[in-house]
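Please read these points with the model open beside you, taking them in order.

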Amino acid sequence: MKIAIITGASSGMGREFVLELDKSESFDELWVIARRKERLEALSGLTRARVRPICLDLTDMNSITELEALLKAEKPNVAVLVNAAGFGYFKAFTELPLADQLKMIDLNDKALIAVTYATLPFMEKGSRIYNLGSLSSFQPVPYINVYGASKAFVLSYSRALNVELRPRGIRVMAVCPGWVKTEFFDTAVSDDTITYYNRYYEANEVVLRALKDMRRGRDVSVCGFPIRAQVLGVKLLPHKLVMRIWCGQQKKPK
């Protein structure tokens, strides 16, 4: 049984991956994972492949155990894994409760690693892994500190894992978009900590670019020429200067 597994599938980037993967490739089933069961079930009428809703909280390691058990019972061929579950808060480090910061790490990093580790035994040559990073993966980001650091981890982890899995013929790519119009902002923004957003992209633009970049053999996907130019600038400039520019844009002390 050929399947794709998509975490964070109830909305945003995860949901778009479900829809675009279904259009571009044939699967027997799409295993969609998130906490909101009704959102997952609503995907059934939108895809050619059969949707299997799997309601899990990936910050709970018991959920990883449940996923492992399901994989061992079904023994599918996991052709695609998308780790799109994640969230962020836009706050100064000292103003955000520690529990919220640790939960970001639990979902953005620990869960991503755990799902990948559980899934890899069921992946064959030609399988692909998409990990959701961010433009903030490339630089330190004051006032989005822990979120940005968690996405920097995703970028480094994904690129290194891509090299490790090359002998098995399994590809790994970090998807690192700029601002994307999704429900992410419903959680991330609670005040005016961050006020400057230079440009937005649609979720389907980012996903289509990621699918194209995977076909091209890339290990990082960045949607939009202006964002790719920004990534290049961040690589060339000292990070101290990059942070000063960012703080100036957000009207924060430099």
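1. Helices (H or I, at least four residues) and strands (E, at least two) are DSSP runs, numbered from the N terminus. By that definition K251 is placed in the segment after α9, which covers residues 239-249. This is a predicted model, in which local features need pLDDT of at least 70 and side-chain atom pairs count only at pLDDT 80 or more, while totals for chains, interfaces and linings use all residues. Residues are numbered from 1 along each chain as its sequence is written, and side-chain values use heavy atoms, with hydrogens and water left out.

2. On the overall picture, the protein has nine helices and nine strands. Its radius of gyration is 18 Å, close to the 18 Å that the globule rule gives for 254 residues, so the protein is as compact as a globular protein of that length. Here the radius of gyration is taken over C-alpha atoms, and the globule rule is 2.2 Å times the number of residues to the power 0.38. Taken along the principal axes, the box filled by the C-alpha atoms is roughly 55 × 35 × 30 Å.

3. Contact means heavy atoms within 4.5 Å. Among the contacts with a separation of 6 or more, 68% come from residues 24 or more positions apart.

4. How do α3 and α4 pack, and at what angle? Helix α3 (residues 61-74) and helix α4 (residues 98-119) pack at an angle of about 15°, with their axes 10 Å apart, and that angle makes α3 roughly parallel to α4. Axes are lines fitted to C-alpha atoms, for helices over the stretch in contact, and angles run from 0 to 180 degrees between N-to-C directions. Angles under 35 degrees count as roughly parallel, over 145 as roughly antiparallel, 65 to 115 as roughly perpendicular and the rest as oblique. The crossing of α3 and α4 is right-handed, a term used if the near helix is turned clockwise from the far one by less than a right angle, with left-handed used if anticlockwise.

5. As for the residues involved, M61, I64, L67, E68 and L71 of α3 meet A114, V115, A118 and T119 of α4. Sorted by class, this contact of α3 with α4 has seven nonpolar residues, one polar and one charged. In this scheme Ala, Val, Leu, Ile, Met, Phe, Trp, Tyr, Cys and Pro count as nonpolar, Asp, Glu, Lys and Arg as charged, and the others, Gly among them, as polar.

6. Helix α4 also packs with helix α5 (residues 145-164), at an angle of about 15° and with the axes 9 Å apart, which means that α4 is roughly parallel to α5. The crossing of α4 past α5 is right-handed. Residues making the contact include Q101, M104, I105 and L112 of α4, and V146, Y147, F153 and L161 of α5. The residues of this contact of α4 with α5 divide into ten nonpolar, four polar and two charged.

7. Is V220 buried or exposed? V220, which lies in strand β9 (residues 220-221), is buried, with a relative accessible area of 18%. V220 and L155 are 65 residues apart in sequence, yet their C-alpha atoms are 7.9 Å apart in space. Leaving aside neighbours within four places in sequence, V220 is in contact with F138, L155, R159, M173, A174, C176 and D213.

8. P140 lies in the loop between β5 (128-132) and α5, and P140 is partly exposed, with a relative accessible area of 33%. Leaving aside neighbours within four places in sequence, P140 is in contact with H239 and M243.

9. K75, in the loop between α3 and β4 (77-83), has phi near 50°, a positive value in a residue other than glycine, and at 61% relative accessibility K75 counts as exposed. K251 has phi near 60°, again a positive value in a residue other than glycine, and K251 is exposed, with a relative accessible area of 72%.

Key: Buried < 20%, exposed > 50% of the residue type's maximum accessible area, 1.4 Å probe, protein only.
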